[in-house]
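Here's a quick briefing to read alongside the model. Have the sequence and the coordinates open as you go.

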Amino acid sequence: MRDTAGDRTGDTAEVAWLDRDQQLSWRAFLVGTTLLMDRLDRELREQHRISLPEYEIMVRLSEAEDGRMRMAMLADSVSHSRSRVTHTVSRMEAAGLVVRDACLSDGRGVEAVLTADGRKALEEAAPTHVSGVRRLLVDLVDDEDFHAVGRVFNAVTDALIEGNPAMDIR
């Protein structure tokens, strides 16, 4: 079976089709990442009443200077649309995990700021998340394979953000 999702020209003669092993690996990636992200999200929701995207936003804010980050930079750092991050931050603001404030550097932009309650929620959820990542991914493969995954996705990230330094999430 040929995967034509990436064929924009309609000229299938020019497509470098995936061979059987590549197709199997691609499908394993799609199913595995979907199942992994769904499980990590479910564990956070069930045990801490936060979603995986909310957790990732709190992580980025906790790592930022003074726990604050411009909304546009936050969206780029988690590779989500600005509207999606705005919606997520609105939910988080209603829950008391973050607040929005005028940008300290110029007063024109808006920054998301991690609250004390948000930091506490992050500290409580982090062991659940890290345990899930370890149990459901890291411990299932040897170190060499896990490091290969990192190299592969660093290459993918580099290729996709080339020429767009605002999206550099590393």
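Among contacts in the protein chain between residues at least 6 apart in sequence, what share joins residues at least 24 apart? The share is 48%, where contact means heavy atoms within 4.5 Å. Keep in mind that this is a predicted model: local features need pLDDT of at least 70, side-chain atom pairs count only at pLDDT 80 or more, and totals for chains, interfaces and linings use all residues. Residues are numbered from 1 along each chain as its sequence is written, and side-chain values use heavy atoms, with hydrogens and water left out.

**Overall layout**

- The protein chain has 6 helices and 3 strands; these are DSSP runs numbered from the N terminus, with helices being H or I of at least four residues and strands being E of at least two.
- Going along the sequence, the pattern reads α-α-β-α-α-β-β-α-α.
- Of the 170 residues in the protein chain, 29% are buried; buried means under 20% relative accessible area, exposed means over 50%, and partly exposed is in between (1.4 Å probe, protein chains only).

**The largest nonpolar core**

- As general background, nonpolar side chains tend to be buried together in soluble globular proteins.
- A nonpolar core here is a set of buried Ala, Val, Leu, Ile, Met, Phe, Trp, Tyr and Cys residues joined through side-chain atoms within 4.5 Å.
- The largest one holds 26 residues, and the members touching the most others are Tyr-55, Ile-57, Met-58, Leu-61, Leu-74 and Val-85.
- Two or more core residues come from each of helix H1 (20–48), helix H2 (52–63), helix H3 (71–77), helix H4 (82–94), strand S3 (110–114) and helix H5 (116–136).
- H2 gives the largest share of this core, with 6 residues.
- Setting aside neighbours within four places in sequence, Leu-61 is in contact with Gly-67, Arg-68, Met-69, Leu-74, Val-98, Ala-112, Val-113 and Leu-114.

**A closer look at H2**

- Buried residues in H2 are Leu-52, Glu-54, Tyr-55, Ile-57, Met-58, Val-59, Arg-60 and Leu-61.
- The end C-alpha atoms of H2 are 17 Å apart, which agrees with the 16 Å that its 12 residues should span at 1.5 Å a residue. That expected span is 1.5 Å times one less than the number of residues in the helix.

- Val-89 sits in helix H4 and counts as buried because its relative accessibility is 0%.
- Leaving out neighbours within four places in sequence, Val-89 is in contact with Ile-57, Met-71, Leu-74, Val-98 and Arg-100.
- Val-89 and Arg-100 are 11 residues apart along the chain, and their C-alpha atoms are separated by 8.4 Å.
- Asp-41 is in helix H1 and, at 16% relative accessibility, counts as buried.
- With neighbours within four places in sequence left aside, Asp-41 is in contact with Ile-50, Ser-51, Leu-52 and Pro-53.

**Aromatic pairs**

- There are 2 aromatic pairs in the structure; rings of Phe, Tyr and Trp (its six-membered ring) pair if their centres lie within 6.5 Å, and planes under 30 degrees apart count as stacked, over 60 as edge-to-face and the rest as tilted.
- Trp-26 and Phe-29 are stacked, at 5.4 Å centre to centre with 25° between the planes.
- These two residues, Trp-26 and Phe-29, are 3 residues apart in helix H1, so about one helical turn separates them.
- Trp-26 is partly exposed at 36% relative accessibility, and Phe-29 is partly exposed at 30%.
- Phe-29 also stacks with Phe-153, at 5.4 Å centre to centre and 20° between the planes.
- Phe-29 is in helix H1 and Phe-153 in helix H6 (residues 143–161), so this pair ties together parts that are 124 residues apart in sequence.
- Phe-153 counts as partly exposed, at 35% relative accessibility.
- Through ring pairs, Trp-26, Phe-29 and Phe-153 are linked into a cluster.

**Positive phi in two loops**

- Arg-49 has phi near 60°, a positive value in a residue other than glycine; Arg-49 lies in the loop between H1 and H2 and is exposed at 76% relative accessibility.
- Asp-66 has phi near 60°, a positive value in a residue other than glycine; Asp-66 lies in the loop between H2 and strand S1 (68–70) and is exposed at 59% relative accessibility.
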